[in-house]
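Biologist: Could you walk me through this structure? I am new to it.

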Amino acid sequence: MELTDIQRKFVLHWGEMGSMWGVNRTVSQIHALLFAHGKPMHAEELCDTLGVARSNISNSLKELQAWNLVRVTHTLGDRRDYFETSVDVWELFRTVVRERKEREFDPTVRVLRELVSSPDFQKEPADAQDRIRSTMELMDKLATWADEMLRLSPGTLDKVLTLGASVQKFVRGDTTPPPPADKGDDPDAHHASLPMI
């Protein structure tokens, strides 16, 4: 498959960003390619398009499947496995957050709870106890918040994020009025920037 310049830049950049996030470059590039292409591809197509060895593609696809970011599909008359990813950015966002939370965040919360509940914890200096306990409490709150956000529909999550930006401006005391509405706009559009409780 021949990539357009836009697709090539997207795939290359996503691979670079993946490396910065601790994800293998090829894993990130495969995911970006499947997302940008929007259609299932088989391993040979991925190899040819990305110029990567088949073994690297196979290992990367296994990792993407383990993260629930890629699924196998089939085509009538073709025995090969095809791979696809969701083209819904909100679904991908929720999958990445859920997977990272389960793999990285939740184990840390469990360890902090074990530390705080250990009888030896009371032997630690009071200031160390306070720091560890406050870290656990913060992570507990973030975990609860993440779980609640993951339960929201994409439309509601979009509204929450937009509302969050409005609340931040309100808390900072930003009094800059919103730009004037076009005549064709919804007459209630000026209320959209106000926090709804």
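Modeller: A term comes first: helices (H or I, at least four residues) and strands (E, at least two) are DSSP runs, numbered from the N terminus. The chain has 7 helices and 3 strands. This is a predicted model, in which local features need pLDDT of at least 70 and side-chain atom pairs count only at pLDDT 80 or more, while totals for chains, interfaces and linings use all residues. Residues are numbered from 1 along each chain as its sequence is written, and side-chain values use heavy atoms, with hydrogens and water left out.

Biologist: In what order do the elements of the chain run from the N terminus on?

Modeller: The order is α-α-β-α-α-β-β-α-α-α.

Biologist: What is the strand order in the sheet?

Modeller: The sheet is open, with 3 strands in the order E1-E3-E2 and antiparallel pairing. Strand E1 (41-42) and strand E2 (71-75) are the edge strands, each pairing on one side only. Two strands pair if DSSP finds at least two bridges between them.

Biologist: How many bridges join E1 to E3, and how many does the pair E2 and E3 have?

Modeller: E1 is joined to strand E3 (residues 78-84) by 2 bridges, whereas E2 and E3 pair over 4 bridges. Tyr82 in E3 stands opposite His42, and Tyr82 is also the bridge partner of Thr73.

Biologist: Which residue takes a positive phi in the hairpin of E2 and E3?

Modeller: That residue is Gly77, with a phi near 80°; the hairpin has 2 residues between the strands.

Biologist: Changing topic, which residues touch the most other members in the largest nonpolar core?

Modeller: A nonpolar core is a set of buried Ala, Val, Leu, Ile, Met, Phe, Trp, Tyr and Cys residues joined through side-chain atoms within 4.5 Å. Buried means under 20% relative accessible area, exposed over 50%, and partly exposed in between (1.4 Å probe, protein chains only). The largest core has 21 residues, and those touching the most other members are Ile30, Leu33, Leu34, Leu46, Leu50, Ile57 and Leu61. Helix H2 (25-37), helix H3 (43-50) and helix H4 (54-66) are the elements that give two or more residues to this core. H2 gives the most, with 5 residues.

Biologist: What does Ile30 touch?

Modeller: Leaving aside residues up to four places away in sequence, Ile30 touches Leu46, Leu50, Ile57, Ser60, Leu61 and Leu64; contact means heavy atoms within 4.5 Å. A second, separate core of 6 residues includes Val109, Leu112, Val116 and Met139.

Biologist: And Thr95, is that buried or exposed?

Modeller: Thr95 counts as buried because its relative accessibility is 6%. Thr95 is found in helix H5 (residues 89-117) and touches Trp67, Asn68 and Leu69, not counting residues up to four places away in sequence.

Biologist: How much of the chain is buried?

Modeller: Of its 197 residues, 28% count as buried.

Biologist: Which residues lie nearest the centre of the largest pocket?

Modeller: On a 1 Å grid over the protein atoms alone, a cavity is a set of points where a 1.4 Å probe fits but cannot get out, and a pocket is an open set with protein on both sides within 12 Å along at least five of seven lines; lining residues have an atom within 4 Å of a point. The largest pocket is lined by 23 residues, with Trp14, Trp21, Leu69, Leu92 and Val96 nearest its centre. The largest share of that lining, 9 residues, comes from H5.
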